[in-house]
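Subject: Structure for your review

Dear colleague,

Please find below the structure that I am handing over to you.

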Amino acid sequence: MGASATGGGVGGGEGRDGLVELGVWPRLTAQILRARLETAGIDVLAHWSGSAEGAAASLSVPSEQAEFARAVVVELDVD
């Protein structure tokens, strides 16, 4: 899949309401990751930014699901 649009891929910080940001990705990658996470039963919040052509999404998950979500993202990044 590749790294995030901000150069990180798998991020870290806990945000508002007990959410943990996983990273920021370009539109297509974010959509694929979000679908895969939701298929795995993980609740995902996507915060979109940028223009229609260069949109990117920050994906966040509940803190109690963050460890498994990171494992899913890393697994997909390796493929």
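The notes below describe the chain as a whole and then turn to one helix.

Please keep in mind that this is a predicted model.

The protein chain contains two helices and three strands. Read from the N terminus, these elements follow the order β-α-β-β-α. The chain has 79 residues, of which 37% count as buried. Its accessible surface comes to about 4400 Å², and carbon and sulfur atoms account for 52% of that area. As for contacts between residues at least 6 apart in sequence, 54% of them join residues at least 24 apart.

Which residues of helix 1 are buried? They are Thr29, Ala30, Leu33 and Leu37. These residues cover an arc of only 95° around the axis, which means that they lie on the same side of helix 1. An α-helix has 3.6 residues a turn, so residues three or four places apart point the same way.

The face of helix 1 turned away from this buried side carries the exposed residues Leu28 and Thr39. After helix 1 comes Gly41, with a positive phi near 85°.

With kind regards

Key:
Residues numbered from 1 in each chain as written. Predicted model: local features only at pLDDT ≥ 70, side-chain atom pairs only at ≥ 80, totals over all residues. Heavy atoms only, no water. Helix = DSSP H or I, 4+ residues; strand = E, 2+ residues; numbered from the N terminus. Buried < 20%, exposed > 50% of the residue type's maximum accessible area, 1.4 Å probe, protein only. Contact = heavy atoms within 4.5 Å. Areas by Shrake-Rupley, 256 points an atom, 1.4 Å probe, with all protein chains shown as cover. Arc of directions from axis to C-beta.
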